[in-house]
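Please keep the structure open while going through them.

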Amino acid sequence: LDLSNMGLRSVPHAVIHLTALQHLNLSDNPLTTVPASFVRLANLKSLSLERTKVRSLPVELPGLYELKELRVDASAMLFPPASVCAEGLHATFQYLRKISGANVVGTLDLSGTGMREVPVDISHAGGIAKLDLSNNQISRLPPELSLLSSLQSLELANNPLRPHLQDIAARGLEAIMVYLRGLHIAMQTGKLDICGQGLRFYPDEVTPDWELSFMRLDRNEIRHVPRKVCLLTTLTELSLGDNALPDLPETMTTLYRLKTLSLEGN
């Protein structure tokens, strides 16, 4: 079945019911996801996802036991990492099985895989107690990592973490999870409250996409607010009390919805 270059933003539901299908070409479409229900295509031998916006694969995909050929834009993949996808189908499926099996064994070792970003999909493996992300190229941690409620050990050695994450990681797993949980709540509610966590740097994970209405960073040790704070145009309340700020960026004047600004103790 050739569905290439048809402007598809999602896989048509009807495709999942074509259980006799052996070859499926979805290349050159603006697809962003591959549904987990693909596993129903038990006879599928080849799948092409080249030149799409797909950046992650479902952990269920190795259930396609007949699949012999998988074409993706390996260099652009985040999950599995680009370095794994570049090694081909076997390495890709082995990685996905490792993620899926982590729920059972409680341990997930992704050290030295060359990953640049921690895949958000890991958050679905809630049974992970030990996660090793050492010896990679990770600079940030996704807020969704805080959903790993069983996590007891997190290895991050030899990664180029952003300065504020280095500070937090030095205080241990609990500090990391508290910080990421605050970010995750902000993503869901538009309200960021990270007070009294010893931050020396502004949390640069924050993006305009979160549509924050208020941000509270009181009782930290922040010395600088970056100019990009002006992009948070939905802010109505900003509290930066009891930090170490000598001044604020002039771009703050563009926050036209801001009604409350607290700077006491700086």
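1. Two strands are taken to pair if DSSP finds at least two bridges between them, and the elements themselves are DSSP runs numbered from the N terminus, with helices (H or I) of at least four residues and strands (E) of at least two. A residue pair to look at here is aspartate 109, whose bridge partner in S5 is aspartate 132.

2. Before going further, please note that this is a predicted model, in which local features need pLDDT of at least 70 and side-chain atom pairs count only at pLDDT 80 or more, while totals for chains, interfaces and linings use all residues. Residues are numbered from 1 along each chain as its sequence is written, and side-chain values use heavy atoms, with hydrogens and water left out.

3. The pair S4 and S5 belongs to an open sheet of three strands, ordered S4-S5-S6, with parallel pairing. Its edge strands are S4 (107-109) and S6 (153-155), each of which pairs on one side only. The twist from one strand to the next averages 0°, where axes are lines fitted to C-alpha atoms (for helices, over the stretch in contact) and angles run from 0 to 180 degrees between N-to-C directions.

4. A further open sheet is formed by three strands in the order S1-S2-S3, again with parallel pairing. S1 and S3 stand at its edges with a single partner strand each, so one side of each is left without a neighbour in the sheet. Here too the twist averages 0° from one strand to the next. Three bridges join S1 to S2, and the two run parallel; within this pairing, histidine 23 has serine 46 of S2 as its bridge partner.

5. Which residues of helix H4 (residues 163-170) are buried? They are His164, Leu165, Asp167 and Ile168, where buried means under 20% relative accessible area, exposed means over 50%, and partly exposed lies in between (1.4 Å probe, protein chains only). Helix H5 (173-189) is included in what covers them. After H4 comes glycine 172, which has a positive phi near 105°.

6. Histidine 184, which lies in helix H5, is counted as buried because its relative accessible area is 15%. Leaving out residues up to four places away in sequence, histidine 184 touches Pro143, Glu144, Ser146 and Leu147, with contact meaning heavy atoms within 4.5 Å.

7. Asparagine 135 is placed in the loop between S5 and S6, and with a relative accessible area of 43% this residue is partly exposed. When neighbours within four places in sequence are set aside, the contacts of asparagine 135 are Gly112, Thr113, Ala157, Asn158 and Asn159. From alanine 102, asparagine 135 is 33 residues away in sequence and 19 Å away in space, C-alpha to C-alpha.

8. Some backbone details deserve a check by eye. The peptide bond from phenylalanine 79 to proline 80 is cis, with omega near -5°, and proline 80 is in the loop between strand S3 (69-71) and helix H2 (82-85). Asparagine 5, although not a glycine, has a positive phi of about 55°; this residue is in the segment before helix H1 (13-16) and is exposed, with a relative accessible area of 62%. Aspartate 28, also a residue other than glycine, has a positive phi near 60° and is found in the loop between strand S1 (23-25) and strand S2 (46-48), where its relative accessibility of 29% counts as partly exposed.

9. How many cavities of 30 Å³ or more does a search of the whole structure find? The search finds one, a cavity being a set of points, on a 1 Å grid over the protein atoms alone, where a 1.4 Å probe fits but cannot get out. The largest cavity holds about 50 Å³ of space, a volume being the space filled by probe spheres set on the points, with grid points joined across faces, edges and corners. Its lining is made up of Met77, Leu78, Pro81, Ala82, Gly114, Met115, Arg116 and Glu117, lining residues being those with an atom within 4 Å of a point.

Conventions:
On a 1 Å grid over the protein atoms alone, a cavity is a set of points where a 1.4 Å probe fits but cannot get out, and a pocket is an open set with protein on both sides within 12 Å along at least five of seven lines; lining residues have an atom within 4 Å of a point.
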